[in-house]
Amino acid sequence: MRLKLFSNRRASHLLRSLGALLLVLFAATAKGRPDLGLPPVTPLSKHGDSPAAVALGKALFFERKLSVNNTLSCAMCHIPEQGFAQNELATSVGLEGRVVKRNAPTILNVGYLSSLFHDGREMSLETQVWSPLLSDREMGNHSIGYVLEKVATLEDYASEFEAVYGELNIQTLGSALAAYQRSLVAGNSAFDAWYFEKDQHALSESAQKGFTLFNRHGCASCHTINDSYALFTDEAFHNTGIGHERTMSPKNGTRVVRLSETIVIETEEEFEGEVFNDLGRYEITGDPADRWRYRTPSLRNVALTAPYMHDGSMGTLREVIDFYMQGGFDSPDMDPRMLPFTLDEEEISQLTAFLHSLTSREMDRLVREARHDESHQEWPRNE
């Protein structure tokens, strides 16, 4: 990598970000393994991303000028304090208040995934970044060339790309944003310490019983666990009935908005406007068997990333558990594993405790590094 001096404010920000990142990486190495419980090859090492590339990608991730009207950044839908998802809305609001079709998924551990978006339409983070950048419902840019030209004129980004990658182009802009996303590794949960490091004191008895229930009732058949690591997703596409229910019998013109932990409202039709049909994976493949199939999400950090499902229609883990207990919603080509089962209140509490135990102990660090703010709130621990 060529070294180059930068004199303006943006260059100083990049250098500060790079220094902070190096300190964070050193601290993480000294204190433990952020990737505990995750696949053995980390996304950053697999792709050869440098700390300078990560710092540049981070600057872009928080850059509102990446949107056509200079108002939206990637971080406004993938909010660090909200598990790098968005808790307040079932589906995000994009350019000029336009409603986005699906729920914003967390990007924690996204570098380990082989398919992206709820319908799996992209296979790499480098190419994925262009979908929100060019969507007229998200960041609204007119073309790839328009984005590149704009970034080249923003303070000293062109010089930074020259220093890190040699030049700014369609590949390197995608690589920079991908590098930052790949740095968001969030393993090292209480469950990981208990299951993979055999620390019998790391997980509560309630969560251990919840893990037994998780396996007994077939949850692990889609949210998979291997002997040496667990992504808690098979990365396959399944029809649980919810897509058919929402598409074929929608509540026209309504949309869930979470105002606080205890206040949820549904908007009225005249406020909401357009209501979407959503056929899931079928929209990509054209195969009728793929109607209403969506990619299995990872359960890592799931307690932080409400609301749930592809449309954000379930606001709590209890709602999700109730949905699976009833066997989902009846649908053509429904996954045969969607069978009803029964849990009592104590067992529901145990299963919920297990899901909470999947929260990474790295969240404080990741949020602090993202915001450069030492005073943010502590995440709840799962002892």
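Helices (H or I, at least four residues) and strands (E, at least two) are DSSP runs, numbered from the N terminus. By this definition the protein chain has 16 helices and four strands. The model is predicted, so local features need pLDDT of at least 70 and side-chain atom pairs count only at pLDDT 80 or more, while totals for chains, interfaces and linings use all residues. Residues are numbered from 1 along each chain as its sequence is written, and side-chain values use heavy atoms, with hydrogens and water left out.

Buried means under 20% relative accessible area, exposed over 50%, and partly exposed in between (1.4 Å probe, protein chains only). Of the 383 residues of the protein chain, 52% are buried.

A nonpolar core is a set of buried Ala, Val, Leu, Ile, Met, Phe, Trp, Tyr and Cys residues joined through side-chain atoms within 4.5 Å. The largest such core has 43 residues, and those with the most contacts (heavy atoms within 4.5 Å) inside it include Leu60, Phe84 and Leu173. Helices H3, H5, H6, H7, H8 and H16 each give two or more residues to this core, and H3 gives the most, with seven residues. Apart from it lies another core, of 37 residues, among them Phe191 and Val302.

| Core | Residues | Including |
|---|---|---|
| Largest nonpolar core | 43 residues | Val151, Phe161, Met363 |
| Another core | 37 residues | Phe214, Ala230 |

The structure holds zero disulfides (pairs of cysteine sulfur atoms within 2.5 Å). The sulfur of cysteine 222 is 9.0 Å from the closest cysteine sulfur, in cysteine 219, which is too far for a bond. Cysteine 222 is buried, with a relative accessible area of 15%.
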